[in-house]
Amino acid sequence: MADYNKELIKILRNNGCTFVRHGKGDHDIWHSPISNKNVTVDHKIKSRDMANEVLKQSGLPKYF
């Protein structure tokens, strides 16, 4: 199984998203200036669909 976290975080940072805080468990909260929303990012995203859902919530196009 693939781990999408490193690439996903790189995409978020390159598009101006900023780390807000650590959430509960193994989740982090990021803010997207594109959608002007906070997005929850799991530390262990194993699903391509979940990685694309985070991008969608951030206002970014699918990548994976």
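Visitor: Which residues of H2 are exposed on its other side?
Guide: Asp49 and Lys56 are exposed there, where exposed means over 50% relative accessible area, buried under 20% and partly exposed in between, with a 1.4 Å probe and protein chains only. The model is predicted, so local features need pLDDT of at least 70 and side-chain atom pairs pLDDT 80 or more, while totals for chains, interfaces and linings use all residues. Residues are numbered from 1 along each chain as its sequence is written, and side-chain values use heavy atoms, without hydrogens and water.

Visitor: And which residues of H2 are buried?
Guide: Helix H2, residues 48-57, buries Ala51, Asn52, Val54 and Leu55. Helices are DSSP runs of H or I with at least four residues, and strands are runs of E with at least two, numbered from the N terminus.

Visitor: Why do they line one face of the helix?
Guide: Seen down the axis of H2, the buried residues fall within an arc of 150°, so they line one face. The arc is taken from the directions from the helix axis to the C-beta atoms.

Visitor: What covers them?
Guide: The cover includes helix H1 (5-14) and strand S3 (37-42).

Visitor: What does Val54 touch?
Guide: Leaving out residues up to four places away in sequence, Val54 touches Leu8, Val39, Thr40, Val41 and Ile45; contact means heavy atoms within 4.5 Å.
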